[in-house]
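This briefing is meant for a reader who is meeting the structure for the first time. Please keep the sequence and the 3D view at hand while reading the points below.

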2 protein chains.
Amino acid sequence: MHGKVYLFPTTMSAGAPAEVLPQRNIDLIRNVRYFVVEELRTARRFLKACDRSIDIDALNFEVLNEHTPQQDVEAMLRPALEGNDIGVLSEAGCPAVADPGADLVAVAQRRGVEVVPLVGPSSILLSLMGSGFNGQSFAFTGYLPIDAAKRAERFKQMERDIRVRRQTQIFIETPYRNNRLVAELCSKLPGEMLLCVACDITGQDQSIRTMPLKKWKTSQYNYDKKPSIFLLYS
Amino acid sequence: MHGKVYLFPTTMSAGAPAEVLPQRNIDLIRNVRYFVVEELRTARRFLKACDRSIDIDALNFEVLNEHTPQQDVEAMLRPALEGNDIGVLSEAGCPAVADPGADLVAVAQRRGVEVVPLVGPSSILLSLMGSGFNGQSFAFTGYLPIDAAKRAERFKQMERDIRVRRQTQIFIETPYRNNRLVAELCSKLPGEMLLCVACDITGQDQSIRTMPLKKWKTSQYNYDKKPSIFLLYS
């Protein structure tokens, strides 16, 4: 009998696990001995926050991040093939969405190992809920390109996808460029278009604000270096 | 001082709220007196499941569903403008994603009322996590069109978006057509393309299965009338 691969979301801010995670996750994580984690230090800290009595030194950790060679991922599944459950932990939020945990899940699916995603905080989903935008059709496109020509092309594509497909556009930016991005969107896209900025989701300073770009243009805001996610719609 | 608009996700299957919802949601919901709900019966049942001691008859419910005229939505925000918190409940899963709750959120955003989305189960996000597909770029496109020409065009568009944008495609079908859809995808799309079917997410019979279409073609499956979500990638 194979073990299962559990995808455990982690907290995204300093808050307690019970604020953003179901009790079931905590009950399950107590019994897992094998972990594949994006970042060792945050993983250990998270486990201690879930339950102080967890004996961290008795657990097995493998690190899977953007530097991990693809050929090493296969071996990380071995505990499951030998009948042990594996827990996957991302650095923040939901594993296997926009992090290398997805590679392990892909291997598990190929080898017929059951994958069990658990409920937890996702800035993509929470910001979409809070934006008031179309949730019947939306796209998350990750980081904006830095190269000027590619960036201009992406803006055009987003405008087209909003107009033609009625599709909410969700994307992120390197946090120290957040303020510049808002100004850029204001100058390059139609003033009637709606921008939602969701900042510090699940954190103490959470704010989710939707306004037309022409109103953003004259508004006060400061998202500098704060974790933020951006949504466009009209 | 305005009240807040809390977006409370609900359970998607028969399970207990603590399996899929953080304790914080239950703590918050106890203090809300004004609800905007998609379906009255499931909302009452959900509230009782959260806490048997909640006095349902002391609460105020407004129904917001696909039959609600747009001009009625504005008035539903009134309790918040008068300083009371409002709780929004979808029939299943996360409110304001693919349900009319988004209209109330849009009104709240226009009127400057704080919107607080809470963590809960989303079949879109959980299936994406479990699929092993690209989570750095994905699109949810809702229901497939029924009209044959539009449907063929949608298949072409998804194939193009996977190839050109490396974008995971997520969509749903009317449940009694689920089996026919899998056969249709097998016959109309390249055999190497990967299909993930996530069925009964968070339920007793949860299954999340990723395979190339050529393997689905010769596999046994039965998703007839079961809540399922479909993902394509290559």
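Two strands are said to pair if DSSP finds at least two bridges between them. In this predicted model, strand β1 (residues 5-8) of chain A and strand β5 (residues 115-117) of chain A run parallel and are joined by three bridges.

**The open sheet of chain B**

- Five strands of chain B make up an open sheet with parallel pairing, and their order is β3-β2-β4-β1-β5.
- At the edges of this sheet are β3 (60-63) and β5 of chain B, each of which pairs on one side only.
- Direction ignored, neighbouring strands of the sheet are turned by 25° against each other on average.
- Strand β2 (residues 34-37) of chain B runs parallel to β3(B) and is joined to it by four bridges, with F61(B) in β3(B) as the bridge partner of F35(B).

**Helices of chain B**

- Helix α6 (residues 101-110) of chain B is largely enclosed by the rest of the structure, because seven of its ten residues are buried.
- Among the buried residues of α6(B) are G101(B), L104(B), V105(B) and Q109(B), and just after this helix G112(B) takes a positive phi of about 75°.
- K156(B) lies in helix α8 (residues 148-165) of chain B, and K156(B) counts as exposed because 12 other C-beta atoms lie within 10 Å.
- Although K156(B) and D72(B) belong to one chain, where they are 84 residues apart, their C-alpha atoms are separated by 39 Å.

**The two domains of chain A**

- Chain A is divided into domain 1 (5-117) and domain 2 (123-233), and the C-alpha centres of these domains lie 30 Å apart.
- The contact between them takes six residues from domain 1 of chain A and seven residues from domain 2 of chain A.
- On the side of domain 1 of chain A that touches domain 2 of chain A, three residues are nonpolar, three are polar and none is charged.

**How chains A and B meet**

- The contact between the chains takes 40 residues from chain B and 40 residues from chain A.
- Elements that give two or more residues to the side of chain B that touches chain A include α1 (17-20), α6, α7 (123-131) and β9 (207-212) of chain B.
- That side of chain B has 26 nonpolar, twelve polar and two charged residues.
- Strand β6 (residues 138-143) of chain A and β6(B) run antiparallel and are joined by three bridges, and A139(A) stands opposite A139(B).
- Chain B is superposed on chain A by a rotation of 180° with 0.0 Å of shift along the axis, at an RMSD of 0.0 Å, which is the relation of a two-fold axis.
- The same surface serves both copies, since 100% of the contact residues of chain B recur in chain A.

How values were computed:
Residues numbered from 1 in each chain as written. Chains lettered and ligands numbered in written order. Predicted model: local features only at pLDDT ≥ 70, side-chain atom pairs only at ≥ 80, totals over all residues. Buried ≥ 20, exposed ≤ 12 C-beta atoms within 10 Å, placed from the backbone. Contact = placed C-beta atoms within 7 Å. Nonpolar A, V, L, I, M, F, W, Y, C, P; charged D, E, K, R; others polar. Domains from an automatic or database assignment. Least-squares fit on C-alpha atoms with pLDDT ≥ 70 in both. Axes fitted to C-alpha atoms, helices over the stretch in contact; angles between N-to-C directions.
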